[in-house]
Amino acid sequence: MDFNDTPEEAAFRAKARTWLDANAETMKPGDFSAGPLDERDDPASIQSAKKWQQKKADDGWACLTWPKEYGGQGATSIQNVIWNQEEARYKTPPNIYGIGLGMCGPTIMTHGTDAQRERWLPEMRMGQKVWCQLFSEPSAGSDLAGLRSTAVRDGDDWVINGQKIWTTGAQFCDWGILVVRSDATVAKHSGLTYFVVDMHSPGIEVRPITQINGGQGFNEVFFTDVRIPDAQRLSEIGNGWAVAITTLMNERASIGGGGGSSVHELIELARGIEVDGQSALEQSSVREKIATFYTRTKGLKLTGYRTLSAISQGKTPGPESSLGKLVGGRLTQEMAAFAMDLQGPAGALNDPSQLPQAAEWQDRYLSIPGLRIAGGTDEILRNIISERVLGLPPEARADKGIAFKDIPTGPPSN
Ligand SMILES: Cc1cc2nc3c(=O)[nH]c(=O)nc-3n(C[C@H](O)[C@H](O)[C@H](O)COP(=O)(O)OP(=O)(O)OC[C@H]3O[C@@H](n4cnc5c(N)ncnc54)[C@H](O)[C@@H]3O)c2cc1C
C-alpha cells in the first residue's frame, strides 16, 4: 500500500497550501484547532465563519466535491481529503457548515427538484445561510425511525407538531432538514416524510441546552402548528426514510475519518510543566504514557489511510470506517484525562485565563462524551462493526413489520 501523494495529488496539495498561506495563519506546535463545539454560539465566531466561507467560495475552495453545475469544483473525494488535511494546519474559524454542506446539500442534490436546488444550494455554498438537522427526538435517537413528531396535510401546506432535541446550531440557523411522521398506520420506516423548514417560521421555539462545558452547541426545538409549504417537501409522501438514509450516509462519511488528538499538543504541555524541578517530559512514566498515546494515534491514522486509499481508488469507504470514530473518541478522552492529571490540582479547574493551552484539554474532556454519542454512539458503532465487518448475527428486531401505532410503548402515563 502506497500512502504517498500521486504527482497530481501533490500538485493539488501545493496549490491548496499556497492559497492557505496567503489567506490564513498557520498553527504552531501546541496550538489547538477550534473544536467542534467551541464557540459556535458566539455571534462573533459565527460572523468570522461566514466571512471565511465566503472567501473560500469566491476563490473556488468551497464545496470542492459538489458538481460544477451546483457551484462546486467537481473535485475528487481524495482532493477534498487533501484540502481538509491542509486547512486543519491553519487557524480558521469554527466550522458551522458541516451539517449544511456535508449533509443537507448532498441530500438536496440527490432528492430535490431543480427548483429546490436553485433555491437553496447557491446561498448554502456561499455561507450566507446556515442549516441544521432536525432528526433526533426525546424517544428517537439511535432508533431514529421511532420518531413521533407529526405532519398533517392542509391544502398546499403541511402542519407540523412535536419536539426535536439535540439540534446542533438551531439557535443561529436559517433552514433545517426535518423528518416527521405523516402516517402512523404503516410500519415505522414507511410512514415518514422529509421536509426543509424555514427556522424563522411562526410556531418554532428554540431552547438552547447548556452543556457540561458551558457551551450551548445544541437545542430543543418545539413545533406548534408550524406550516411548511408542500413545495418544501423533499421526499415522496411516506418515503422520508430513504431520503434520511442519504443524509445519514453523508453524515457517517463526514465524521468517519476522526483522527484523535495530536500527541504534539500533549508533548508541549508536558514540556512546560515542572515536576521536582524538571520538565515533566524528563519523567520516564510521562514519556512512556505519551509514547503509548503516540502508538495508538499512529495506528488510528494508518487505519484511516485504508479509508483514504479506498477513496483515492474511487471506492466508497466501508463500515470499517466506524473504527475511526469509535477508537478516536476514546483515545482523545484518555489523552485529555492524562493532560489534566499532569496539571496536578490545577487540572480540576476550567479557566482558560489560568491554565496552560487555554484549558483546551479540560474543554475536550467535557466535550468528547457528547461526540461519542453524536452521529452514532459507541454501542451502535460496535453493532455495525460486529454485524457488517465481522459478520456476527444481527440484533433481534421486535418491531419489524408492525404498524407504528401498534408498537408497544410501555404503560400509558397519567
Ligand atoms: C454533540 C451532539 C450533537 C448532536 N447533534 C444533532 C443534530 O444536529 N441533529 C440531530 O437530529 N441529532 C443530533 N444529536 C443527537 C444524536 O444523533 C443522538 O444523541 C444519538 O443518535 C443517540 O440517540 P439518543 O441520544 O436518543 O440515545 P439512545 O438512542 O436512547 O441511546 C441511549 C443508550 O442506549 C444505547 N443503545 C441504543 N440502542 C442500542 C442498541 N440497539 N444496541 C446497543 N446499545 C444501544 C446507546 O448506545 C446509548 O448508550 C446530537 C447529539 C450530540 C451528543
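The legends below describe close-up views of a predicted model.

Local features are described where pLDDT is at least 70 and side-chain atom pairs count only at pLDDT 80 or more, while totals for chains, interfaces and linings use all residues of this predicted model. Residues are numbered from 1 along each chain, as its sequence is written.

**View 1. The domains of the protein chain.** The domain assignment gives domain 1 (8-96), domain 2 (131-238) and domain 3 (256-389), with bounds that come from an automatic or database domain assignment. Between the C-alpha centres of domain 1 and domain 3 there is a distance of 22 Å.

**View 2. The shell around the ligand.** The ligand is surrounded by 20 residues, of which Phe-135, Gly-141, Ser-142, Thr-377 and Glu-379 are the closest; a residue counts as near when its C-beta atom, placed from the backbone, lies within 6 Å. Two or more residues of the shell are given by each of β3 (131-134), α10 (360-371) and α11 (378-389), where helices (H or I, at least four residues) and strands (E, at least two) are DSSP runs numbered from the N terminus. The largest share, three residues, comes from α11. Both domain 2 (131-238) and domain 3 (256-389) supply at least three residues to the shell. By class, the shell holds eight nonpolar, 10 polar and two charged residues, counting Ala, Val, Leu, Ile, Met, Phe, Trp, Tyr, Cys and Pro as nonpolar, Asp, Glu, Lys and Arg as charged, and the others, Gly among them, as polar.

**View 3. Helix α8 against helix α9.** Helix α8 (residues 284-312) and helix α9 (residues 322-342) have axes that come within 10 Å and cross at roughly 160 degrees; axes are lines fitted to C-alpha atoms, for helices over the stretch in contact, and angles run from 0 to 180 degrees between N-to-C directions. The two helices, α8 and α9, are therefore roughly antiparallel to each other, a term used for angles over 145 degrees. The crossing of α8 past α9 is left-handed, meaning that the near helix is turned anticlockwise from the far one by less than a right angle. On the α8 side the contact includes Phe-293 and Leu-300, and on the α9 side it includes Val-327 and Leu-331; two residues are in contact if their C-beta atoms, placed from the backbone, lie within 7 Å. Seven nonpolar, five polar and two charged residues make up this contact of α8 with α9.

**View 4. Helix α9 against helix α10.** The axes of α9 and α10 are 9 Å apart, and the helices pack at an angle of about 155 degrees. That angle makes α9 roughly antiparallel to α10, and α9 passes α10 in a left-handed crossing. Among the residues that meet here are Ala-336 and Met-340 in α9, together with Trp-361 and Tyr-365 in α10. The contact of α9 with α10 has eight nonpolar, four polar and one charged residues.

**View 5. Helix α4 against helix α5.** Helix α4 (residues 98-111) and helix α5 (residues 114-125) cross at roughly 160 degrees, with axes that come within 10 Å. This makes α4 roughly antiparallel to α5, and the crossing of α4 past α5 is left-handed. The contact includes Leu-101 and Ile-108 of α4, as well as Trp-120 and Leu-121 of α5.

Notes: Parallel < 35°, antiparallel > 145°, perpendicular 65-115°, else oblique.
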